[in-house]
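Here are some quick notes to go with the structure. Have a look at it first, then read on.

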Amino acid sequence: MPAGVALNPHTPLCVLEHVIGDLDAVLIMTVNPGFGGQRFIETMVPKIVETKSMADEAGVDIDIAVDGGIDVHTAPKVVRAAANVLVAGSSVFNSGKPVGEACTDLRMAAETAFASKEA
């Protein structure tokens, strides 16, 4: 069974210090949990970068997921920061577009950012 940890915006990364080598995934909450449609907290982007750095230093390959305020504007930011799993709710289901189209738009925004990061 894969092991993962979710970190709320106020939770410091130091809580991962002794367990990062045992993890398969870290979920960085980019909003305060509780309800959908919240605004993305920009100051979480460096937390994503630091999580990747901690994992690299520990010699582990983990998924870095983000949840909260993920849309076509924030997806590229978190992908460039090192996120490889994006959780989106309101931006898909409340976009006014068909769900498939909203998902395609989000995927394209993330893939474009990933491709530019790799170049």
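1. A term to start with: on a 1 Å grid over the protein atoms alone, a pocket is an open set of points where a 1.4 Å probe fits, with protein on both sides within 12 Å along at least five of seven lines, and its lining residues have an atom within 4 Å of a point. This is a predicted model, where local features need pLDDT of at least 70, side-chain atom pairs count only at pLDDT 80 or more, and totals for chains, interfaces and linings use all residues. Residues are numbered from 1 along each chain as its sequence is written, and side-chain values use heavy atoms, with hydrogens and water left out.

2. Which residues lie nearest the centre of the largest pocket? They are Asn84, Leu86, Leu106, Arg107 and Ala110, out of 14 lining residues. β4 (85-87) and α4 (99-118) are the elements that each give two or more residues to this lining, and α4 gives the most, with six. (Helices are DSSP runs of H or I with at least four residues, strands runs of E with at least two, numbered from the N terminus.)

3. Now the whole chain. Along the sequence, the protein chain reads β-β-α-β-α-β-α-α, that is, four helices and four strands.

4. On burial, 34% of the 119 residues in the protein chain are buried, meaning under 20% relative accessible area with a 1.4 Å probe, protein chains only.

5. Last, contacts (heavy atoms within 4.5 Å): among those in the protein chain between residues at least 6 apart in sequence, 50% join residues at least 24 apart.

Technical notes:
Buried means under 20% relative accessible area, exposed over 50%, partly exposed in between (1.4 Å probe, protein chains only).
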